[in-house]
Amino acid sequence: MARSLCPGAWLRKPCYLQARFSYVRMKYLFFSWLAVFVGSWIIYVQYSTYTELCRGKDCKKIICDKYKTGVIDGPACNSLCVTETLYFGKCLSTKPSNQAKLGDQGNLSELVNLILTVADGDKDGQVSLGEAKSAWALLQLNEFLLMVILQDKEHTPKLMGFCGDLYVMESVEYTSLYGISLPWVIELFIPSGFRRSMDQLFTPSWPRKAKIAIGLLEFVEDVFHGPYGNFLMCDTSAKNLGYNDKYDLKMVDMRKIVPETNLKELIKDRHCESDLDCVYGTDCRTSCDQSTMKCTSEVIQPNLAKACQLLKDYLLRGAPSEIREELEKQLYSCIALKVTANQMEMEHSLILNNLKTLLWKKISYTNDS
């Protein structure tokens with residue numbers, strides 16, 4: 001009977017293929033399980049943070065308990081705690097604290113009188129202890145202080161009332177300069193570059209974008225060396241700007257707009273290795289003095305340059321051909337502005353006025369604006 005010199009040799013190749021297939025399959029299953037585990041962990045952490053910092057019912061209970069015991073008071077307390085016509089809707093931020101200080105502001109006595117007027121919620125000519133405690137808590141917030149100072153300006157949301165450290169602003173219909181709102185779970189998995197490109201597709205018509213852009217330029221004027229000092233915009237991102245149904249710009253989030261004097265105190269003498277260590281928010285940058293390894297106090301880029309950087313793609317996309325070249329030239333001149341440049345204030349005013357004039361001339365006679 002004939003025998004093979006290699007018994008079972010005909011089985012070896014299938015066994016090898018089967019072993020290799022099992023290895024690949026196990027590897028695939030392992031990485032699939034790892035991806036699911038990591039993704040679930042990220043979603044859990046984000047959800048835990050969101051629910052921890054956006055617990056509207058708990059906030060309402062704490063505020064209303066203090067109101068009912070007379071600790072705090074304000075014009076919004078009755079609507080929130082008694083008639084319950086005021087309620088919490090969408091949570092716009094999960095940041096736990098945002099504080100400000102008055103600092104050395106211009107016309108400080110006028111500012112104090114303005115704050116006392118706002119603090120007198122029931123307009124009886126006197127500030128009660130509850131109203132005073134509410135006002136003091138609110139004055140620790142950048143946004144509230146800025147709303148008080150700019151309450152007569154078109155692009156600042158109107159202050160509707162307050163209760164304790166809760167304050168109520170007018171509703172803004174569109175809460176981002178451009179783009180669409182997506183659930184935060186989906187946002188986690190969209191690359192930032194693709195998200196920016198996608199957002200630019202969801203914008204109003206160009207004349208309406210021009211009107212919104214003019215509103216931002218006017219707001220920059222409002223906070224630049226006003227009667228109560230200079231304020232710096234330290235987060236000029238699209239999500240902090242909105243607009244109403246008439247396409248008038250409204251600031252949605254002003255918590256990173258800070259008095260210049262405060263920023264200088266916060267950042268000066270901070271230890272640094274490079275300029276990257278001398279940043280407040282996302283957009284307020286100073287330089288690192290390599291001789292002392294300390295941050296300097298002078299901000300490099302003015303508000304207008306940061307606003308123009310935000311508006312560049314927004315305005316150039318779909319811009320009329322007859323003004324596109326001039327618009328692009330003016331936007332790049334604006335972006336190049338530096339605080340340390342000679343005659344910066346003159347250049348600032350000239351560039352700002354030129355941009356507004358160019359945009360207004362183009363949209364003045366259009367129904368779409």
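Q: Which residues are buried in helix 6?
A: This is a predicted model, to start with. In helix 6, the buried residues are Asn142, Glu143, Phe144, Leu145, Leu146, Met147, Val148 and Ile149.

Q: And what does that say about how helix 6 sits in the structure?
A: Eight of the eight residues of helix 6 (residues 142-149) are buried, so the rest of the structure largely encloses this helix.

Q: Switching to helix packing. At what angle do helix 11 and helix 13 pack?
A: About 25°, with the axes of helix 11 (residues 303-316) and helix 13 (residues 344-363) 12 Å apart. An angle under 35 degrees counts as roughly parallel, and helix 11 and helix 13 are therefore roughly parallel to each other.

Q: Which residues make that contact?
A: Helix 11 brings Leu304, Cys308 and Leu315. Helix 13 brings His348, Ile351, Leu352, Leu355 and Leu359.

Q: How many of those are nonpolar, polar or charged?
A: In the contact of helix 11 with helix 13, seven are nonpolar, one is polar and none is charged.

Q: What about the handedness of the crossing of helix 11 and helix 13: left or right?
A: Helix 11 and helix 13 make a left-handed crossing.

Q: Now helix 9 and helix 13. Are they roughly parallel or roughly antiparallel?
A: The axes of helix 9 (residues 206-223) and helix 13 cross at roughly 155° and come within 10 Å. Over 145 degrees counts as roughly antiparallel, and helix 9 and helix 13 are therefore roughly antiparallel to each other. Their crossing is left-handed.

Q: Which residues of helix 9 and helix 13 touch?
A: On the helix 9 side, Trp206, Pro207, Ala210, Lys211, Ala213, Ile214, Leu217, Glu218, Val220 and Glu221. On the helix 13 side, His348, Leu352, Asn353, Leu355, Lys356, Leu359, Trp360, Lys362 and Ile363.

Q: How do they divide by type?
A: The contact of helix 9 with helix 13 has 12 nonpolar, two polar and five charged residues.

Q: Backbone next. What is phi of Tyr247?
A: Near 65°, a positive value in a residue other than glycine. Tyr247 sits in the loop between strand 4 (241-243) and strand 5 (249-251).

Q: Is Tyr247 buried or exposed?
A: Tyr247 is buried, at a relative accessible area of 15%.

Q: And Asp269, what is its phi?
A: About 70°, positive although Asp269 is not a glycine. Its place is the loop between helix 10 (260-267) and strand 7 (279-280).

Q: Is Asp269 buried or exposed?
A: Asp269 counts as exposed, with 52% relative accessibility.

Methods. Residues numbered from 1 in each chain as written. Predicted model: local features only at pLDDT ≥ 70, side-chain atom pairs only at ≥ 80, totals over all residues. Heavy atoms only, no water. Buried < 20%, exposed > 50% of the residue type's maximum accessible area, 1.4 Å probe, protein only. Helix = DSSP H or I, 4+ residues; strand = E, 2+ residues; numbered from the N terminus. Axes fitted to C-alpha atoms, helices over the stretch in contact; angles between N-to-C directions. Parallel < 35°, antiparallel > 145°, perpendicular 65-115°, else oblique. Left-handed = near helix turned anticlockwise from the far one by under 90°. Contact = heavy atoms within 4.5 Å. Nonpolar A, V, L, I, M, F, W, Y, C, P; charged D, E, K, R; others polar.
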